[in-house]
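Let's take a walk through this model, stopping at a few residues along the way.

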Amino acid sequence: MPWSERLRAEGTSTAKCGCISQGSQMDPKPPTRKGLDFCSLRYGLALIMHFSNFTMITQRVSLSIAIIAMVNSTEQQSLLNASTEGPLAHTLNHPSSSIKEFNRGASVYKWSPETQGIIFSSISYGIILTLIPSGYLAGIFGAKQMLGAGLLISSLLTLFTPLAADFGVTLVIVVRTVQGMAQGMAWTGQFTIWAKWAPPLERSKLTSIAGSGAAFGSFIILSVGGLICQALGWPFIFYIFGSIGCICCLLWFTVIYDDPVHHPCISVREKEHIVSSLAQQSSSPRRSVPIKAMVRCLPLWAIFMGFFSHFWLCTIIITYLPTYINSVLHVNIKESGVLSSLPFIAASSCTILGGQLADFLLSRNLLRLITVRKLFSSLGLLLPSLCAVALPFVTSSYITTIILLILIPGTSNLCDSGFIINTLDVAPRYASFLMGISRGFGLIAGIISSTATGFLISQDSVSGWRNVFLLSAAVNMFGLIFYLMFGKVEIQKWAKERTLTRL
């Protein structure tokens, strides 16, 4: 096997360390490296982080699917029977006796739409509470512990959710809020790890592999979540994905280390390659953050505006896609669930392919780093805007509408090789802290856009959707122009200083 031959050639053993081993041959000069070696330890880390992001997004979305059965299982069952055909309808109408007994035991709750809205939003508020402090603390105490703890807490709370629902809606809101805080810890801690593990010419590839787990998780949970609820009962959607999260935690604490220098399983060749490629990057310990310098830094504001624009449209698609498909295309629930999941597999694929292409252009010296960042930012903001603007005018064509809905999140994720990882370029020492602020801007944009969308479509469906997409395109263009004007890739002076300004 090529894998085992490479491992023997490097003189490393996974059996001794109980973790993934590096088995690649690296050229000491990154610009002249040819080919990729996905057997290296850093790519194993990217895959585990992909699995972690997959787990967190499925845990976050699980309640959105399960709540349909939780609040009104009888009406939902009849609706499903009326809107499905063939074997699936037969399964729903004639389930086995054991499944019937289980479904009778699954509780149903009288939660009003307003209460459901509070439950859904509670996890977002939890994420906002921890984005900035967790990013700062991860840089001090280590991202491994912060991210691993966040993932473990989120997984345990997912397992606890069915029991919490029996105790009352207040406990569910508390659980979701704490779960959001735990996920906020996990999301931002990732960039502290990549600041020490990702060579500059591989940052787009590694972060895109890790980040695509969220899009792939959205695709899986939308595809199978409803089936799990129908076949086993709604509590099992929490039990299954909570258990998967616990397994992921075991992998995380076993394999992941904060930096390659202290990893017991990394080969000397890979360690030297990573360390030498990051030699110009300051790694002195920090206990304070140069807030004033950051506030005055236009390249940072360019990143923040990019996040704001990107999350504006993405939140609308994630939140209102099933509603749009149902109201505009008039499809049944079965088809709506499948169609709603398709854009996310496109987003996952585009994230990985975009990262590969970006680093290919850099490694072959075809484009400069600043050109690559601005090119992919432009594609990730301009292309989905064009698709969004075109949507209201092609509603008569079922196929064209579906294609555009798939292209919007797919092309939007090209930003992952643009401003999304730009903090690793301009301030690698503060990458997690700045990522927390960036995601904070994104979450604020999501709250505003989802509220504005609900208001616009409540006035008039046809003109409302048109205004929603036109407004989204305008916001994207604002973010793109701002980033093209002020975006930079050079490490900022305040990010290199060893004597730091106190808060």
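Helices here are DSSP runs of H or I with at least four residues, and strands are runs of E with at least two, numbered from the N terminus. Bear in mind that this is a predicted model, where local features need pLDDT of at least 70 and side-chain atom pairs count only at pLDDT 80 or more, while totals for chains, interfaces and linings use all residues. Residues are numbered from 1 along each chain as its sequence is written, and side-chain values use heavy atoms, with hydrogens and water left out.

Start with Gly 446, which sits in helix α18 (residues 431–459). Gly 446 counts as buried because its relative accessible area is 6% (buried is under 20%, exposed over 50%, partly exposed in between, with a 1.4 Å probe and protein chains only). Leaving aside residues up to four places away in sequence, Gly 446 touches Phe 311 and Thr 315, where contact means heavy atoms within 4.5 Å. Ile 316 is 130 residues from Gly 446 in sequence, yet their C-alphas are 7.4 Å apart.

Now hop over to Thr 161, in helix α7 (residues 143–167). Thr 161 is buried too, at 4% relative accessible area. Its side chain reaches the backbone oxygen of Leu 157 at 2.8 Å. Thr 161 also touches Val 175 and Phe 238, again not counting residues up to four places away in sequence.

With a relative accessible area of 51%, Leu 366 is exposed.

Technical notes
Polar contact = N/O pair within 3.5 Å; in protein donor to acceptor, adjacent residues only side chain to side chain.
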